[in-house]
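Have the model open as you read.

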Amino acid sequence: MLEAAGRNANAQSSTAPARPGEGWGLHRMTPASRLNGANGIRTGADGRIYVAQVAGSKVSAIDVDTGAIETISPNGGGIVGPDDLAFDEAGNLYCTEITEGRVSMMTPSGQYRVIHGDMPVANPITYHQGRLIAGELRIGGRIMELDRDGGAPRVIFEGVPMANAFEVGPDGKLYFPAQGANEIWRIGLDGGEPEVVAKDLGVPDSVKFHPDGSIISTQVYSGQVLKIDPRTGAKTVLADIGPGLDNVAFVNGRTFVSHINGSITEITAPGQTRPLVEKGLQWPLGLAVDANGHVLVADGGFTYLLRPGEPLQLAGMLFSPGFPGWVRDVAASGPDEWIVTTANGDVARWNPAAATSEVLASGHDRLMGVAVTPGGVVFAEFGTGKVHAIEGGNVADLASGLDRPMGVAVSGDGTVYVAESGAGRVVKLVGGRKEVVLDGLARPEGLAIAGGTLFVADPGANALVASDLAGGAREVVASDLPMGGPGGLQPVQLGGVGDMCGPMNTFTGVAVAPDGTVYLSADAEGSVLALRRL
């Protein structure tokens, strides 16, 4: 039996283990995450590493010797979607909130306030000799010194091609990744023209100074950690950890690196690493299974292939060629081919092996579930309450007036089923009409159909429900599942990230493999669950 352990287990409506229904077995296909995402990291005065977690919308602290994790600012607290963080000498914590476009502060006593509220795609932040400096991860972005009392900021430089995690060097200049240029720059704190320090990198997203005076920089695309001489720009590879790296921190001369997947890795020697926190999934979101039983897992800016008996394999990420964007739901459409919905409001056909994607529909408001029909594709538009169909390259409305539509599924005869999360029911679309097939649900999201059975992921009730489409008989496949927010509430919904990503609404996916295995997104602990009839 699966224990409801992991990052949000103590926030579930029940502390009992997840319970499979009679005749069902339940187990994890992937480990539960201890951190739901790991972005900016900073060493605190207490010697712990403090972690900003955009996906989890919280800040945590990690003991580097024991691995113990403590939540400092919880999901639903005063800090939303933190991307980077810094401390002043009084112990006040400053966080850039990338989806909110602002910088907030939390005092040691737990009081929150906004320091600056006009910073689109707020990302890097550092504190140096009484000066709080923050920047924007966007083309043409600004680097500014902020007034901690809420006064007008002072612009140090405007026109950075995507500034990311930065730090003031021993020479008193600010060193930062100019991510869009694939370079590291430096500039005086009083402004002027920036200088190029290093170029031809692997898309740098952090610059920190090791106690020995060298730059340590993570490369989000290549997955390398580079050691760079700030005087000459000469670089060597310190470690090769994998795409998705985010930031660096040092504790008593020890080097730690964060990864967007929630892992924290210590570099113990050149080319040698050990995990402090093992990797996991940030959300996860939509799931799909192809004819070979391979599961595609959407995890926002990352997607993974999951094969039974094997670890997750990265299929693509935001910096991969041909990646369609921040992926919410997925459907199998052929060998090595998937149909996806994205946070940018697109429906796309994606082939990871060929590194190509094709937009099939665009400009929609918070797309959710997607499914393949005999003649095309159907997808749900949460923001407008509509379900659309794509056939022959044309997009048409199938239904409107739906109450927060989420999941969609198609039965063998081509009938389209829709989860109305706001109404707590599933309906089918017949001749332009909506007919209720399953009601009394809490907040249904993902749908899947196999062998005449409709499976419904209901994170509002922390349950997976099955219904016989022929007779309507209902069965609770599993309950007390680690998905959704506390007490079945919806987790904090994050906004977008500039031009890179639209609103990052959550979505609990479900899919059925050819052998009858049901896969479920356990977003409250960052894992994928498998359920099988005994």
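Predicted model: local features only at pLDDT ≥ 70, side-chain atom pairs only at ≥ 80, totals over all residues.

For overall build, the C-alpha trace spans about 75 × 50 × 45 Å along its principal axes. As for secondary structure, you'll find zero helices and 49 strands. Among contacts between residues at least 6 apart in sequence, 45% join residues at least 24 apart.

Back on the surface, look for a nonpolar patch made by Y221, L318 and F319, together about 260 Å² of accessible area. F319 sits in the loop between β30 and β31, and it counts as partly exposed because its relative accessibility is 32%.

Now for the charges: there are 29 salt bridges in the structure. In one of them, R148 pairs with E89, with the closest N and O atoms 4.0 Å apart. Each partner lies in a loop, R148 between β13 and β14 and E89 between β7 and β8, so the pair ties together parts 59 residues apart in sequence. R148 is partly exposed at 23%, while E89 is exposed at 64%.

Another bridge joins E97 and R102 at 2.5 Å, N to O. Here E97 is buried, at 0% relative accessible area, and R102 is partly exposed at 22%. Finally, D65, R254, E266 and R274 are linked in a salt-bridge network.

How values were computed
Residues numbered from 1 in each chain as written. Heavy atoms only, no water. Patch = residues over 30% accessible without salt bridge, like charges linked within 9 Å, V, L, I, M, F, W, Y side chains within 5 Å. Areas by Shrake-Rupley, 256 points an atom, 1.4 Å probe, with all protein chains shown as cover. Salt bridge = Lys/Arg side-chain N within 4 Å of Asp/Glu carboxyl O. Helix = DSSP H or I, 4+ residues; strand = E, 2+ residues; numbered from the N terminus. Buried < 20%, exposed > 50% of the residue type's maximum accessible area, 1.4 Å probe, protein only. Contact = heavy atoms within 4.5 Å.
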